[in-house]
Amino acid sequence: MKLLTREPIRRLAVPLLDLQAQYGAIEPEIMEALREVCARQQFILGPRVTELEERIAEYSGCRYGVGVSSGTDALLAALMALEVGPGDGVITTAFSFFATAGTIARLGARPLFVDIDPKTYNLSPAGVEDLIGTQCEMRAGRLIDRNTGGVVKVLMPVHLFGQMAAMDALMELARRHGLRVVEDAAQAIGAEYPGRRRAGSIGDIGCFSFFPSKNLGAFGDAGMCVTNDPTLAERLKILRVHGSRPRYHHLVVGGNFRLDELQAAVLLVKLKYLDGWTRRRQENARYYHTAFQKAGVGDHISTPRAMEGCRHIFNQYVVRAERRDDLKDHLTRAEVGSEIYYPVPLHLQRCFAHFGYGSAHCPEALRAARETLAIPIYPELTADQQRHVVSTVVEFYDDGH
Ligand SMILES: *Cc1c(COP(=O)(O)O)cnc(C)c1O
């Protein structure tokens, strides 16, 4: 007998990120890895952490990995290892997650914000050169910020959304001015620069985050510093255990920046799948690009592209969109997840008001904050879901919203 009631028409929801879909595919392996750690009852800095350090160092083309408690602590420990302290200057981008600048400020140092390249959203080398040329001078081999008299010690580019900053030009500027380089690679594990150089391996220290929404995500907070310099690796290891060596003998004031075994065990399982997941993200990105062009909305939204010779790992797929806020509302009504990364550029955050920046500084960062939107790009996105995202965007512009 045929039922007369129809299936209710279910809308196809598309979250911005679906970690349950990822977990569903690897649950037995993860549970086994967790059971193994539980059986050993060694939870902090054990064999899984050591193994993960070796694997991530190898994966990112570095000699050393030092597991830490988060991406934020990776940045903090890196700056501490390079002896950034009160009054020092750190040149960085105005457009990033807060931790990039927050860690600088927590050490009493001053973030020197530079604008972004409007195409890649990454730190502009021309902007860095301009800042150095107009505001700084070399004195006895050190770069001095003329406004404050402080020593500018570090250049901290961010590989935003999964694409590396213009490292060749930035490294050249750093060399010429005696700056150390910390790569904020929190969103960019496995991203490559021409010559197959991976994120984290070009500067003095690279910093990764394993926050759950990053491409390699833990079941909580976790992070890592990578470096090719044995002295820095040693210093980072000391800093993460309150600056002690041997135990209870403190050489410097460090912190508790330790990584735990359960997180390392999860990450070791997931690392095997990372390249496959990255390929899916890249395929999804190609699909969006082609579909938006074909649908004729290319004038209304501009899609992200990988720079020549670079491997973009698409931690986020961020478009620049006309009437961005209305588009976001429209997507929300159609149950399509989206997010603004980031609505307020760093130089205009209220907690940094005392640094004296205004909206005339870093105009491209401010424009990006007003115009960009991240849409779903995660590897488990289905073809139906992607079509739904595209048609929802197209509908918005076709209806002349
Ligand atoms: C996520 C992120 C961080 C901080 O990492 P946590 O693990 O969340 O502390 C730092 N910088 C950038 C650019 C990030 O995206």
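In the predicted model, strand E6 (residues 152–156) and strand E7 (residues 180–184) run parallel to each other and are paired over two bridges, pairing being assigned where DSSP finds at least two bridges between two strands. Val-154 has Arg-180 of E7 as its bridge partner. Helices (H or I, at least four residues) and strands (E, at least two) are DSSP runs numbered from the N terminus. Residues are numbered from 1 along each chain as its sequence is written. Because the model is predicted, local features need pLDDT of at least 70 and side-chain atom pairs count only at pLDDT 80 or more, whereas totals for chains, interfaces and linings use all residues, and side-chain values use heavy atoms, with hydrogens and water left out.

E6 and E7 belong to an open sheet of seven strands with mixed pairing, in the order E1-E11-E10-E7-E6-E2-E3. Strand E1 (64–68) and strand E3 (110–114) each have a single partner strand and stand at the edges, so one side of each is left without a neighbour in the sheet. On average, and with direction ignored, neighbouring strands of this sheet are turned by 25° against each other, axes being lines fitted to C-alpha atoms, for helices over the stretch in contact, with angles from 0 to 180 degrees between N-to-C directions. Helix H4 (residues 99–106) packs on the sheet and touches strand E2 (89–93), E3, E6 and E7, contact meaning heavy atoms within 4.5 Å.

Zero disulfides are counted, a disulfide being a pair of cysteine sulfur atoms within 2.5 Å. The sulfur of Cys-62 lies 11 Å from the closest cysteine sulfur, in Cys-207, too far for a bond.
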